[in-house]
Each structure stands twice: as C-alpha cells, then as structure tokens.
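Here are two exercises to work through with the structure open beside you. Try each task before reading its solution.

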Amino acid sequence: MPAPLLTVEGLSHAYLSGDSVLPVLDDIALTIGQREFVCLVGPSGCGKSTLLKLLAGLLLPSAGRVLRAGQPLTGPHPDIGLVFQKANLMPWRTVLANITLPLELQGVAPAEAQGRAQALIELVGLAGFEHSLPRDLSGGMEQRVAIARALIQAPEILLLDEPFGALDALTRERMSAELLRLWDARQITVVMVTHAIAEAILLADRVVVLTPRPARLQLILDIPLPRPRHIEMEHSPAFGALARQVRAAIGQAAG
Amino acid sequence: MAVTKSSLPVAFSVPVQRGRRRAARWRRLAGPASLVGALLIWEAVARLSGLPAFILPPPTRVGERLLLVLADGTLGRHALVTLFEVLAGLGSGLIVAAVLGYIIAKSPALERALTPYIVASQSVPVVAIAPLLVIWLGPGPLSKVIVCALIVFFPILINTVVGLRSVEPELRDLMRALNATRWQTFTKLEVPAALPVLLGGLKIGATLAVIGAVVGEFVGSDRGLGFLVNLGRGQYDTALVFVAVGALVALALSLYGVVALLEKLLLQWKR
C-alpha cells in the first residue's frame with residue numbers, strides 16, 4: 001500500500017433543511033494512497049457527491065475530518081482538482097480561456113498560463129479547438145475541457161463527480177479510456193463518483209460501495225485486474241465475478 | 001439515369017437561387033420603399049385636403065423647417081441639451097440601480113426590507129412628480145436628469161437582480177473550488193453572466209430616458225427638444241413640432257442602436 005495521500009476519519013455530514021437535520025454521511029473512514037484510482041459507487045442520492053465535496057474542501061464536515069498529506073483540509077486546495085457532473089464551462093470564454101481560468105485567478109502571467117494550457121489541450125485531444133466557444137463543442141469535448149481545467153494547476157489529486165454521466169455510451173467508453181491514459185501520464189490520484197458498476201471496475205484499483213442515505217461504507221473491494229486495462233476485459237470471468245460482488249453489495253445495502 | 005440525377009439539382013437550383021436573391025433585394029428595399037410611400041401619401045393628403053399648415057404641414061414644409069433650424073443652429077443646441085439630460089440621467093440611474101440591484105441580489109434580508117418601498121415608488125407616476133422636482137430643483141437641467149434617472153431606475157434594477165440570480169450555482173461552486181476572491185467572482189463570473197440581462201434593461205432604459213427628459217422639459221424649461229415641441233405648439237409652428245418630434249425619435253433610436261451595438265460587441269459568445 002503506497003503512502004496515504006487522503007485520509008478520511010470518522011466523517012459524518014448532515015444538511016439542515018428548515019428545522020430538521022438530514023444526515024447524509026455517517027462515520028466514513030477511508031485511506032487513499034498516492035497514484036491510486038478509487039471509484040465511489042452507491043444508489044443515487046446516497047451522498048456520494050457530498051463525500052466528494054468534502055474531499056474537495058467545498059464543504060466542511062459536521063464531524064470527523066479529511067487529511068491531505070497529513071494536514072487537515074480546511075477549504076479548497078490547489079493540489080485538488082475537481083471535475084463536476086456538468087462540464088461547467090463559462091460560455092463567454094474560449095476553450096483556452098476556460099482552461100487557464102484557475103491560473104488567471106492565481107495571478108499567473110498569461111503567457112505562461114497559455115503555454116501550460118496548450119500542453120494540456122494536446123494531452124486531452126482538443127488541439128485546433130483552442131479558440132472555440134463552449135457552444136460549438138460536443139458534450140464529450142466539453143468534459144475534456146473541464147478535465148484540462150482541473151489538471152492545469154498540476155494537482156496530485158483529481159476528484160470527478162459522475163463526469164461522464166451525461167454522455168452517450170460510446171463517448172463514455174472512450175472518455176473512460178482517456179481518463180485512464182491521463183491518470184497514467186500525469187501520475188495522479190483519482191477519486192471518481194459513478195453509478196456505473198462496469199465503469200468503476202474497469203477503471204479503479206478499489207471500488208468503494210456506499211449504503212443508501214445516510215451513507216456508510218458497505219464494501220471496499222480491491223480490483224486485482226492487470227493494467228493496462230482494456231474495454232474487452234469486461235467479458236472476462238474475473239471481471240464478471242467482481243461486478244457480481246459489487247452489485248450484491250449494493251443490493252444488500254439497499255436492504 | 002445517372003445523367004438525370006446529376007443534372008436535376010443544377011437545372012432547378014439556378015432559378016431557385018435567382019428567386020432568392022430577388023427576394024433578399026426586395027426585403028432590403030421594403031423599409032425605404034414604405035417610408036417614401038408614406039411621405040407621398042402624407043404630402044398628397046396635406047395638399048389635397050385643404051387643411052391649414054398649422055394643423056397638418058406637408059412633409060416638404062417640415063423639411064424646409066428642418067433645414068432652417070439646422071442652419072441657424074437651433075436644433076443642434078436644443079438637441080445637445082436633451083442629449084446631455086438623457087445621458088446624465090441614464091448614467092446616474094444605471095449606477096444607482098446596478099449597485100442597489102447587486103446588494104438586493106446578494107442579501108435576501110435587504111431584499112425583503114427594500115422591495116415594498118421600491119415597488120411602491122413605482123406606483124407613483126414620474127410624470128406627476130416631475131412638477132415637484134422642477135419646483136425643488138429649479139428649471140435647469142438637474143430636474144430633468146433626476147426625472148430620467150427615476151424613470152430608468154426600475155427596469156435596470158430588476159434586470160440587474162434577475163441577471164445576478166441567473167448565475168449558475170455550479171459556476172459559483174467552481175469559483176469557490178478555485179479559491180477565487182469576492183472581487184474575482186464579481187468581475188470574472190457575475191458581471192459577464194449578468195451582462196446579457198443587464199444590457200436588455202439598458203436598452204429599455206435608453207428609450208425611457210428620452211421620455212423622461214421630454215416630460216421634465218414640458219413641465220418647465222427654456223431649452224431642450226421637449227421645450228422646442230412646446231414652443232412650436234405655442235406659435236402654431238406645427239412644422240417645428242414635427243421637426244422636434246422627429247429629432248426625439250432619432251435620438252431615442254440612436255441610443256437604442258448604441259446599446260444594441262454594445263450588445264453585439266460584448267455578447268459575441270451568444271448565438
């Protein structure tokens with residue numbers, strides 16, 4: 001097990017809605033190592049996205065804590081990149097200007113920012129679209145821009161919240177493969193929320209199954225499939241056995 | 001078979017294209033043509049009906065009057081006064097409305113506290129309080145500027161609030177995740193996101209401001225295009241009234257055009 005990069009200790013979270021308290025996460029403990037690829041799966045509305053927001057420092061937990069490289073996380077950190085379910089691009093900015101936004105906010109010189117963006121644009125396969133506006137991009141391309149934007153501060157950790165949920169099945173498969181390539185090329189740690197079991201198994205080192213709300217850990221499953229992984233692996237008996245295990249865990253959790 | 005297939009589109013496309021080009025030319029000429037037609041009918045009615053010129057001056061007479069007031073500088077002088085009042089009123093109304101709109105959009109508590117007063121203030125017709133403003137502030141341009149500002153205030157305020165509320169919460173999350181400062185969120189997210197709606201409000205405001213200036217000038221002033229309308233009426237110089245009204249229309253249209261141009265330049269990312 002590599003050195004822990006993200007540690008989640010006794011994490012609980014509740015939303016206040018009017019006078020009532022809505023518990024969302026209950027006592028989650030998790031350790032994520034450097035260069036690990038972890039997928040969070042669970043029934044929809046179980047609090048996966050809340051967990052990801054807590055890992056991103058966008059929310060502060062009601063109880064427990066998140067440690068990044070041993071330090072408690074108190075807010076958003078440049079070492080943690082975040083990709084939302086929607087590409088979330090600014091429609092008035094070109095592809096290039098959307099990708100350089102994080103650096104622009106940090107006060108990085110435009111020339112340097114554009115140089116770094118250009119390298120990423122090539123990495124995510126958007127060369128030639130630097131000056132296109134989001135309205136001219138397909139859903140898959142928009143999500144590539146979002147990933148490039150999340151990577152521009154060279155984070156060690158990339159968090160993705162159902163990034164391919166809105167894409168068609170074929171685009172989704174291609175984007176999964178691209179994500180694996182990026183993960184390998186950039187040597188980063190990835191935590192991704194998904195509700196597609198096959199996608200989770202194909203991508204992850206470990207799959208974390210959460211129970212319905214309030215979410216607890218139901219199962220943490222190691223995925224011992226060899227790397228590099230290919231979409232054809234989905235038809236192997238080992239893959240099928242793992243998928244059955246995850247599905248059973250989700251079923252048990254749902255009661 | 002192959003010959004018919006390939007020759008068909010060519011054979012049909014030539015007349016179709018020619019027809020389309022002709023239709024486009026007609027569309028371009030339709031505006032000027034209707035204007036000329038209307039002027040001709042007006043001229044004919046004015047001459048044939050026997051109505052006196054102080055009731056319905058023919059367009060040729062109005063044209064002569066226009067050349068006269070253009071030549072002696074009367075029109076330019078009065079138009080500049082009204083233009084100044086409109087721009088000053090629009091500018092100050094815009095600033096106050098945008099600042100207040102920002103505060104209201106940010107604070108639900110303030111919104112609840114201020115909304116009743118703002119809505120109540122809108123039920124007071126500005127036309128009716130214009131005399132008060134002239135009494136308090138005198139017949140100079142200041143009272144007209146205030147009338148303009150009052151009249152443009154509400155639509156710009158509402159559009160500022162709506163524009164800021166239309167900023168997607170996910171984009172706010174993004175700015176927060178990127179540790180953006182309040183000022184960065186304002187300049188890089190809120191302003192560009194709210195700009196389309198705000199410019200829509202400014203477009204309405206630009207034409208309303210001209211109305212405001214005329215109302216103010218009607219109530220009491222010795223210069224401005226509104227004053228010129230009044231002057232012409234008093235002297236049975238109806239051609240002058242037409243000239244002044246035409247100048248007001250031109251002023252409102254050009255202001256509208258400036259905002260439309262601004263929209264085109266700033267909102268290229270839309271459509």
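The exercises below use a predicted model and cover an interface and a sheet.

**Exercise 1.** Describe the interface of chain A and chain B, from its extent to its polar pairs.

*Solution.* 
- Start with the contacts: 23 residues of chain A touch 20 residues of chain B.
- Next, take the area. The two chains bury about 1,900 Å² between them, and 62% of this lies on carbon and sulfur atoms. On the chain A side, A:L58, A:W92 and A:L105 together supply 34% of the area buried against chain B, more than any other three residues.
- Now look for charge pairs. There are four salt bridges between chain A and chain B. In one between A:K53 and B:D173, the N to O distance is 3.6 Å, within the 4 Å cut-off.
- Finally, ask what the chain A side is made of. Helix 2 (residues 95-106) of chain A gives the largest share, five residues. By class, that side has 13 nonpolar, four polar and six charged residues.

**Exercise 2.** Work out the strand order of the sheet in chain A, and find what packs on it.

*Solution.* 
- The order is 2-1-4-5, in an open sheet of four strands with antiparallel pairing.
- Strand 2 (20-33) and strand 5 (71-72) of chain A each have a single partner strand, so one side of each is left without a neighbour in the sheet.
- Further in, strand 1 (residues 4-17) and strand 4 (residues 63-68) of chain A pair over five bridges. Here A:L6 stands opposite A:R68.
- Helix 1 (residues 48-56) of chain A packs on the sheet, touching strand 1, strand 2 and strand 4 of chain A. Its direction makes about 120° with that of strand 1 of chain A.

Conventions:
Residues are numbered from 1 along each chain as its sequence is written. Chains are lettered from A and ligands numbered from 1 in the order in which they are written. This is a predicted model: local features need pLDDT of at least 70, side-chain atom pairs count only at pLDDT 80 or more; totals for chains, interfaces and linings use all residues. Side-chain values use heavy atoms; hydrogens and water are left out. Contact means heavy atoms within 4.5 Å. Buried area is the accessible area (1.4 Å probe) that two parts lose on being put together, summed over both. A salt bridge is a side-chain nitrogen of Lys or Arg within 4 Å of a carboxyl oxygen of Asp or Glu. A polar contact is a pair of N or O atoms within 3.5 Å; within protein, one must be able to donate a hydrogen and the other to accept it, and residues adjacent in sequence count only if both atoms are side-chain atoms. Helices (H or I, at least four residues) and strands (E, at least two) are DSSP runs, numbered from the N terminus. Ala, Val, Leu, Ile, Met, Phe, Trp, Tyr, Cys and Pro count as nonpolar, Asp, Glu, Lys and Arg as charged, and the others, Gly among them, as polar. Two strands pair if DSSP finds at least two bridges between them. Axes are lines fitted to C-alpha atoms, for helices over the stretch in contact, and angles run from 0 to 180 degrees between N-to-C directions.
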